[in-house]
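Subject: Structure handover

Hi,

Here is the structure I promised to pass on. Could you have a look at it alongside my notes below?

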Amino acid sequence: MPDLHSVKAMVFDVFGTVVDWRSSLIADFTRWAETHGITADWTALVDAWRQAYVPSMDEVRRHPENGFVPLDELHRRSLERLVEQFGIANLTDLHLDYLTRGWHRLDPWPDSVAGLTALKRNFIIAPLSNGNVALLTNMAKYAGLPWDLILSAELFGHYKPDPETYLGAARLLGLRPDQLMMVAAHNDDLFAAQALGLKTAFVPRSTEYGPLQVRDFQPEGSWDLVAKDFVDLADKMGC
């Protein structure tokens, strides 16, 4: 076991690591569409929407002269394009607002709340997510996530994996990077955090992308901890 006595706070990737975005959105939109008489392939839309996630953030990076664009706005832009692409007709602005805010209403994985609650006893816990502050706050209320504070890319004007996000979180918490642990189900997130001196923990979510999942089934780096879920992570952290 690595020496983790220096760790004072733990920050978490959220989409896919803490919450099950894919199943949540598909179920939400299917129920909603039935009551509004709207027909669409919601599974295909949700999968395409998520595939637009990284390219939309890359566009922000390529054009810093336009300023930082929060994730809610990126989600809305992608949705408007996809609705047209998928031929989903008769959607009003209110309908598009509801769908965009679906990312505020995501269900946690079954172990997330119990594991976070246990970790909170000994550590400061917070999301470190590309979600904007309003999104993460509303999600926490909806899903019962017991964060101590919200740490968002929006606060730093940079999306992960830009260094400003990880180092900014340590700075706001008054900690050295090695006193902060990044927890994620995505190896790329952990590679970026580790390179900046953060401790790392990998928790696999092998059904995050459903049948489309092609990676992150196993740890791909020398992470400080690997846990099967958040309850196991809390146990390994002595909580």
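This is a predicted model: local features need pLDDT of at least 70, side-chain atom pairs count only at pLDDT 80 or more; totals for chains, interfaces and linings use all residues.

P204 counts as partly exposed, because its relative accessibility is 22% (buried means under 20% relative accessible area, exposed over 50%, partly exposed in between, with a 1.4 Å probe and protein chains only). P204 sits in the loop between strand 5 and strand 6; helices (H or I, at least four residues) and strands (E, at least two) are DSSP runs, numbered from the N terminus. Leaving aside residues up to four places away in sequence, P204 touches D216, F217, A227 and K228, where contact means heavy atoms within 4.5 Å.

Residues are numbered from 1 along each chain as its sequence is written, and side-chain values use heavy atoms, with hydrogens and water left out.

Now the backbone. Most residues other than glycine have a negative phi, and most peptide bonds are trans. D216, one of the contacts of P204, has a positive phi near 65°. D216 lies in the loop between strand 5 (199-202) and strand 6 (225-226) and is buried, with a relative accessible area of 9%. N90 also has a positive phi, of about 65°, but N90 is exposed at 71% relative accessibility. The loop that holds N90 runs between helix 4 (71-85) and helix 5 (93-100). The peptide bond from K160 to P161 is cis, with omega near 10°, and P161 is in the loop between helix 8 (153-156) and helix 9 (163-172).

On to the salt bridges (a side-chain nitrogen of Lys or Arg within 4 Å of a carboxyl oxygen of Asp or Glu): the count comes to 18. One of them joins R105 and D28, at 2.9 Å from N to O. This pair links distant parts of the chain, 77 residues apart: R105 is in the loop between helix 5 and helix 6 (112-120), and D28 is in helix 1 (residues 21-36). Both R105 and D28 are buried.

Within helix 4, E80 and R76 are four residues apart, about one turn of the helix, and form a salt bridge with the closest N and O atoms 2.9 Å apart. E80 is partly exposed at 41% relative accessibility, whereas R76 is buried at 17%. R76 and E80 belong to a salt-bridge network with D93 and D97.

Best wishes
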